[in-house]
Amino acid sequence: QVQLVESGGGSAQVGGSLRLSCAASGLTSGRYCMGWFRQVPGKAREGVAKMDSTGEFTHYGDAVRGRFTISQDNDKNTLHLEMNILIPEDTARYYCAAQRDFWGSICRSTTIYQSDFQYWGQGIQATISS
């Protein structure tokens with residue numbers, strides 16, 4: 001059974017940093033596109049960042065580009081999202097997602113769409129305040 005479990009959420013101040021992690025288990029070996037999304041009540045789920053498990057492709061949403069960094073551990077079982085220069089608009093529930101990507105086509109695309117991903121974590125809250 002595939003499981004994605006987010007951790008590292010909580011509260012941070014404007015201008016500060018927060019690091020989210022996603023522990024993956026049950027994924028069969030192979031090439032994956034791994035992503036981070038966020039959502040606030042009343043708004044659509046927003047693509048934050050995604051990366052290919054081979055390291056070939058990395059893309060960010062317009063709202064976070066230059067401030068957030070997506071990465072993975074060498075064993076590729078843990079995904080991270082380093083969030084820097086935080087602003088109140090970063091307050092959201094953050095979700096980790098995974099999709100088998102045999103040819104790298106999903107992660108090669110610059111767009112980050114919820115419908116591209118099959119596996120999802122339960123999400124974790126991040127709250128930014130002044």
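Q: How many salt bridges does a search of the whole structure find?

A: Side chains of opposite charge can pair when their charged atoms come close. In this model, which is predicted, a search of the whole structure finds seven salt bridges.

Q: Which residue forms a salt bridge with Arg 19, and how far apart are the closest N and O atoms?

A: The partner of Arg 19 is Glu 82, and the closest N and O atoms are 3.1 Å apart.

Q: Where is Asp 90 placed, and which residue forms a salt bridge with Asp 90 at 2.8 Å?

A: Asp 90 is found in the loop between strand 8 and strand 9 (92-100). A salt bridge joins Asp 90 to Arg 67, the closest N and O atoms being 2.8 Å apart. This pair links distant parts of the chain, 23 residues apart, since Arg 67 is in the loop between strand 6 and strand 7 and Asp 90 in the loop between strand 8 and strand 9.

Q: Are Asp 90 and Arg 67 buried or exposed?

A: Asp 90 has a relative accessibility of 1% and so counts as buried. Arg 67 also counts as buried, because its relative accessibility is 13%.

Q: Which residues are linked with Asp 90 in a network of salt bridges, and which residues does Asp 90 touch?

A: The network consists of Arg 38, Glu 46, Arg 67 and Asp 90. Between the side chains of Asp 90 and Arg 38 there is a polar contact of 2.9 Å. These two residues are 52 residues apart in sequence, yet their C-alpha atoms are 8.6 Å apart in space. Leaving aside residues up to four places away in sequence, Asp 90 touches Arg 38, Arg 67, Phe 68, Ile 85, Ala 126 and Ile 128.

Q: Which residue forms a salt bridge with Glu 56?

A: Glu 56 forms a salt bridge with Arg 31, and the closest N and O atoms are 2.8 Å apart. Glu 56 lies in the loop between strand 5 and strand 6, and Arg 31 in the loop between strand 3 and strand 4 (32-39), so the pair ties together parts that are 25 residues apart in sequence.

Q: Where does Ser 53 lie, and which residues does Ser 53 touch?

A: Ser 53 is in the loop between strand 5 (46-52) and strand 6 (58-60). With residues up to four places away in sequence not counted, Ser 53 touches Gly 30, Arg 31, Tyr 32, Gln 72 and Lys 76. Its relative accessible area is 8%, so Ser 53 is buried.

Q: How many disulfides does a search of the whole structure find?

A: A disulfide is a covalent bond between the sulfur atoms of two cysteines. The search of the whole structure finds two disulfides. Cys 22 and Cys 96 form one of them, with sulfur atoms 2.1 Å apart. Cys 22 is in strand 3 and Cys 96 in strand 9, so this link ties together parts that are 74 residues apart in sequence. Cys 22 is buried at 1% relative accessible area, and Cys 96 is buried at 0%.

Q: Which residue does a disulfide join to Cys 33?

A: Cys 33 is joined to Cys 107, with an S to S distance of 2.0 Å. The pair links distant parts of the chain, with Cys 33 in strand 4 and Cys 107 in helix 1 (residues 105-108), 74 residues apart. Both Cys 33 and Cys 107 are buried.

Q: Is the disulfide of Cys 22 and Cys 96 left-handed or right-handed, and what of Cys 33 and Cys 107?

A: The link of Cys 22 and Cys 96 is left-handed, with -75 degrees about the S-S bond. For Cys 33 and Cys 107 the torsion about the S-S bond is about 80 degrees, so that disulfide is right-handed. With the bonded cysteines of the protein numbered in sequence order, the pairing is 1-3, 2-4.

Methods. Residues numbered from 1 in each chain as written. Predicted model: local features only at pLDDT ≥ 70, side-chain atom pairs only at ≥ 80, totals over all residues. Heavy atoms only, no water. Helix = DSSP H or I, 4+ residues; strand = E, 2+ residues; numbered from the N terminus. Buried < 20%, exposed > 50% of the residue type's maximum accessible area, 1.4 Å probe, protein only. Contact = heavy atoms within 4.5 Å. Polar contact = N/O pair within 3.5 Å; in protein donor to acceptor, adjacent residues only side chain to side chain. Salt bridge = Lys/Arg side-chain N within 4 Å of Asp/Glu carboxyl O. Disulfide = S-S within 2.5 Å.
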